[in-house]
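Hi everyone, thanks for making time this morning. Let me put the structure up, and then we can walk through it together.

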Amino acid sequence: CIETALAAWEKKFPHTLALPGKLRMNGELVLMSQLDTMVSMDSANMHMASLTGTPVISIWGATHPYCGFSGWNQSSENTVQTDLSCRPCSVFGNKPCLRQDYACLYEIKPEEILQQIKTVLKAGNLKTSILNHLHPQINTSDQESLNSRSISSGRIRPVSYTHLTLP
């Protein structure tokens, strides 16, 4: 179950908050607005963070930002993707891989994503992160927008936020 896996991450990695079921959409937007950067696949969370003005490092597999689905007002430099002639194999990412190997995702190295995080954070304009002030167990004493249930429509996936301290 995803909640169990995220709870394990929360215990294993310092400064990690697993928030499925703990925030409503407005709470997620408040939290995203306080992030210095967000890493996301091409998803609703990418678009929500974009609307708050948070720089998003977006990871693209079968889909392609040039199909018109890039985050609003996001820099194309923050797009992480592979250059394959078969991309996009699906405009909406809902078709099986034509090559049957998902090279569009497997060829993206974690080091590429980490380097882009470092680049965005070194560029400055860092916010005082709300993550430094939140306890993993959000309760009724927290802001009203940060203590309620999350959207559970199935279209917005559970998220885990991690505060990174980089050298």
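Let's begin with two helices: α2, residues 25–33, and α3, residues 44–51, pack at an angle of about 65 degrees, and their axes are 9 Å apart. The axes here are lines fitted to C-alpha atoms, for helices over the stretch in contact, and angles run from 0 to 180 degrees between N-to-C directions. Helices (H or I, at least four residues) and strands (E, at least two) are DSSP runs, numbered from the N terminus. The crossing of α2 past α3 is right-handed, a word used if the near helix is turned clockwise from the far one by less than a right angle, with anticlockwise being left-handed.

Which residues make this contact? From α2 come Met25, Glu28, Leu29 and Met32, and from α3 come Asn45, Met48 and Ala49; contact means heavy atoms within 4.5 Å. Sorted by type, the residues of this contact are five nonpolar, one polar and one charged. Ala, Val, Leu, Ile, Met, Phe, Trp, Tyr, Cys and Pro count as nonpolar, Asp, Glu, Lys and Arg as charged, and the others, Gly among them, as polar.

A word on where this comes from: it is a predicted model, where local features need pLDDT of at least 70 and side-chain atom pairs count only at pLDDT 80 or more, while totals for chains, interfaces and linings use all residues. Residues are numbered from 1 along each chain as its sequence is written, and side-chain values use heavy atoms, with hydrogens and water left out.

Now, stepping back to the chain: there are five helices and five strands, and from the N terminus on they run α-β-α-β-α-β-β-α-α-β. Of the 167 residues, 39% are buried, that is, under 20% relative accessible area, with exposed being over 50% and partly exposed in between (1.4 Å probe, protein chains only).

On to the sheet. It is open, with three strands in the order β2-β3-β4 and parallel pairing; two strands pair if DSSP finds at least two bridges between them. β2 (38–41) and β4 (79–80) stand at the edges with a single partner strand each, so one side of each has no neighbour in the sheet. β2 and β3 are joined by four bridges, and valine 39 stands opposite isoleucine 57 in β3. Between β3, residues 56–59, and β4 there are two bridges, and isoleucine 59 has valine 80 as its bridge partner in β4.

Which way do the β3 residues point? Val56 and Ser58 go one way, Ile57 and Ile59 go the other, and all are buried. Our helix α3 returns here too: it lies across β2 and β3, running at about 145 degrees to β2.

Next, the loops. Asparagine 73, in the loop between β3 and β4, has a positive phi, near 60 degrees, and counts as exposed at 66% relative accessibility. In the loop between β4 and α4 (103–106) we find proline 88, and the peptide bond to it from arginine 87 is cis, with omega near -10 degrees.

Finally, confidence. The mean pLDDT of the chain is 77, and 74% of residues reach 70 or more; pLDDT is the predictor's confidence in each residue, from 0 to 100. Over residues 129–159 it is below 50. Where pLDDT is low, the predicted coordinates should not be read in detail.
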